[in-house]
Amino acid sequence: MMGEPMATGRSNKLVGQVGEFLVCAELGRRFGLIATPFSGNVPGYDIIATNEGGASKLIQVKANNGGETWQLSGDKYLDIRFDPKTNRQTIDGRTRLPDPDTICVFVWLSPNREKADRFFILTRREFQKIVHEHYTANLERHGGRRPKAPESRHTAIRIAELGRFEDNWQLITDATRPKN
């Protein structure tokens, strides 16, 4: 089942849930953190990770089922203006994030058992920077006009764009380190 592409409804929920539980398991196994998933029931985060002393950190998880990208709407992270006269988009800056220091874990679920699942760990602010760079480069390539759907804010972030954050577990362990 995990090798098949999953697109909507129940299957998307399952992919998200598997990603959340994998992150919780890794945090417990590797670092002795107690991690509790909320299975998409809390806006803005999916897991709370806590150390022995009670220091905790909110974590957002985004999982994909072996694909090469994570799909999202660029206007969640960017102020994008569309001019209907020219069919051009302009980025006026980045949106104000409610909690830019929330940790995001992007989970790549291996489509087969021979490959390990992969984890990319960064802050929401760092991810916003990646979205900004990606979206800007795409607009520049096309002269500010989206070729197929000029008004679309859809974008996809590739594994390669997250590569430097692979297995960046230190971000979570630092955030949950006891404070003296």
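User: Which residues is cysteine 24 in contact with, leaving aside its neighbours within four places in sequence?
Analyst: Cysteine 24 is in contact with Ala35, Thr36, Pro37 and Ile47, once those neighbours are left aside. Contact here means heavy atoms within 4.5 Å.

User: What kind of model is this?
Analyst: This is a predicted model, in which local features need pLDDT of at least 70 and side-chain atom pairs count only at pLDDT 80 or more, while totals for chains, interfaces and linings use all residues. Residues are numbered from 1 along each chain as its sequence is written, and side-chain values use heavy atoms, with hydrogens and water left out.

User: Back to cysteine 24: where is its place?
Analyst: Cysteine 24 belongs to helix 1. Helices (H or I, at least four residues) and strands (E, at least two) are DSSP runs, numbered from the N terminus.

User: Does it count as buried or exposed?
Analyst: Cysteine 24 counts as buried, because its relative accessibility is 10%. Buried means under 20% relative accessible area, exposed means over 50%, and partly exposed lies in between, with a 1.4 Å probe and protein chains only.

User: How many residues lie between glutamate 26 and tryptophan 169 in sequence, and what separates them in space?
Analyst: They are 143 residues apart in sequence, with 9.4 Å from C-alpha to C-alpha. Glutamate 26 also touches Trp169, along with Phe31 and Phe119, not counting residues up to four places away in sequence. For cysteine 24 and glutamate 166, 142 residues apart along the chain, the C-alpha separation is 17 Å.

User: What else can be said about glutamate 26, buried or exposed?
Analyst: Glutamate 26 is buried, because its relative accessible area is 11%. It is found in helix 1, which spans residues 9-31. Its side chain makes a polar contact of 2.9 Å with the side chain of arginine 29. A polar contact is a pair of N or O atoms within 3.5 Å; within protein, one must be able to donate a hydrogen and the other to accept it, and residues adjacent in sequence count only if both atoms are side-chain atoms.

User: Which side chain does serine 73 join by a polar contact?
Analyst: The side chains of serine 73 and aspartate 75 are joined by a polar contact of 2.4 Å. Serine 73 lies in strand 4, residues 69-73, and counts as partly exposed because its relative accessibility is 32%. Valine 131 is 58 residues from serine 73 along the chain, and their C-alpha atoms are separated by 9.7 Å.

User: Changing topic, how many helices and strands are there overall?
Analyst: The protein chain has four helices and nine strands. From the N terminus on, their order is α-β-β-β-β-β-β-β-β-α-β-α-α.

User: What is the radius of gyration of the protein chain?
Analyst: The value is 18 Å, which agrees with the value near 16 Å that a compact globule of 180 residues would have. The radius is taken over C-alpha atoms, and the globule rule is 2.2 Å times the number of residues to the power 0.38. Along the principal axes, the C-alpha atoms fill a box of roughly 60 × 45 × 30 Å.

User: What percentage of the residues count as buried?
Analyst: Of the 180 residues of the protein chain, 39% count as buried. Among contacts with a separation of 6 or more, 60% involve residues 24 or more positions apart.

User: Where is asparagine 65, and is it buried or exposed?
Analyst: Asparagine 65 is in the loop between strand 3 (56-64) and strand 4. It is buried, because its relative accessible area is 13%. Asparagine 65 and phenylalanine 82 are 17 residues apart in sequence and 32 Å apart in space, C-alpha to C-alpha.

User: Which phi value does asparagine 87 have?
Analyst: Its phi is near 60 degrees, a positive value in a residue other than glycine. Most residues other than glycine have a negative phi. Asparagine 87 lies in the loop between strand 5 (78-83) and strand 6 (88-94).

User: And what is the phi of aspartate 167?
Analyst: Aspartate 167 has a positive phi of about 55 degrees, although it is not a glycine. It is found in the loop between helix 3 (159-162) and helix 4 (170-175). Aspartate 167 is partly exposed, because its relative accessible area is 42%.
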